[in-house]
Amino acid sequence: MQSRTPPPPAAAPRGGGRPRNAATDTAILEATRQALVELGWTKLTLGDVATRAKVAKTTLYRRWAGKSELVVDAVAELFDELELPDRGSLAADIEGVVLQFAALLGRPETKTALMAVVAESTTDGPLRERIRTSIVERQKRLVLEGRERAQARGELPVESDPETAGRTADLIFDVTAGAVVHRALVSAEPVDVEWAHRFTALLLGGLQGAWAGEAQTW
């Protein structure tokens, strides 16, 4: 199995002072998710999170500028749990991560936190950028790992142009994440084995057609 590069920390230090304590950060992010489920976005306060995490409120402000940053990092930590086990083929790898992603979205803390920050980001540009860098860009690692593995198996062609390869990776991520989020959170329909199988067949069929078309132009 291909080794994974550990994801970056959920939040960068906001200046000098004492080193960050990983256990404290974990407790704060867990408390944030619990508070979101119980209170919702509107009623959530940093003071409530500090009480639940058993830390001083100033500890939160040394790490995060406000509620939006804190909640994004709480969501990002959940998505960092996603992995891409080697199941023997590209199709099986895709189906596996789709089902894993759907199971994550089914957890109350993930659903509540993600929907809250996405809704807030529609009128908050910096928050939208933080979602992009802390969640979207970090999780593209799954596409890159899967593509590299499939290329090593001979299942996918190697795209020699880095710009083209980057656009392809972006498209695969957008299509996959968009379909699963819409199915699970917007339509509230099950993402089961049958749906994952049909989606994967559609995705791979479209990609193979696109690559065939590009090959004819070379």
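User: Which residues does R87 touch, not counting residues up to four places away in sequence?

Analyst: In this predicted model, local features need pLDDT of at least 70 and side-chain atom pairs count only at pLDDT 80 or more, while totals for chains, interfaces and linings use all residues. Residues are numbered from 1 along each chain as its sequence is written, and side-chain values use heavy atoms, with hydrogens and water left out. With contact taken as heavy atoms within 4.5 Å, R87 touches A92, D93, E95, G96 and R153.

User: What does R87 count as at 47% relative accessibility?

Analyst: Buried means under 20% relative accessible area, exposed over 50% and partly exposed in between (1.4 Å probe, protein chains only). R87 is found in the loop between α4 (67-79) and α5 (90-105). At 47%, R87 therefore counts as partly exposed.

User: How are α1 and α2 placed relative to each other?

Analyst: Helices are DSSP runs of H or I, at least four residues, numbered from the N terminus. Helix α1 (residues 22-43) packs against helix α2 (residues 46-53) at about 120°, with axes 8 Å apart. Angles under 35 degrees count as roughly parallel, over 145 as roughly antiparallel, 65 to 115 as roughly perpendicular and the rest as oblique. The two helices are therefore oblique.

User: Is S121 buried or exposed?

Analyst: S121 sits in helix α6 (residues 108-121) and touches residues including L127 and I131. Because its relative accessibility is 8%, S121 counts as buried.

How values were computed:
Axes are lines fitted to C-alpha atoms, for helices over the stretch in contact, and angles run from 0 to 180 degrees between N-to-C directions.
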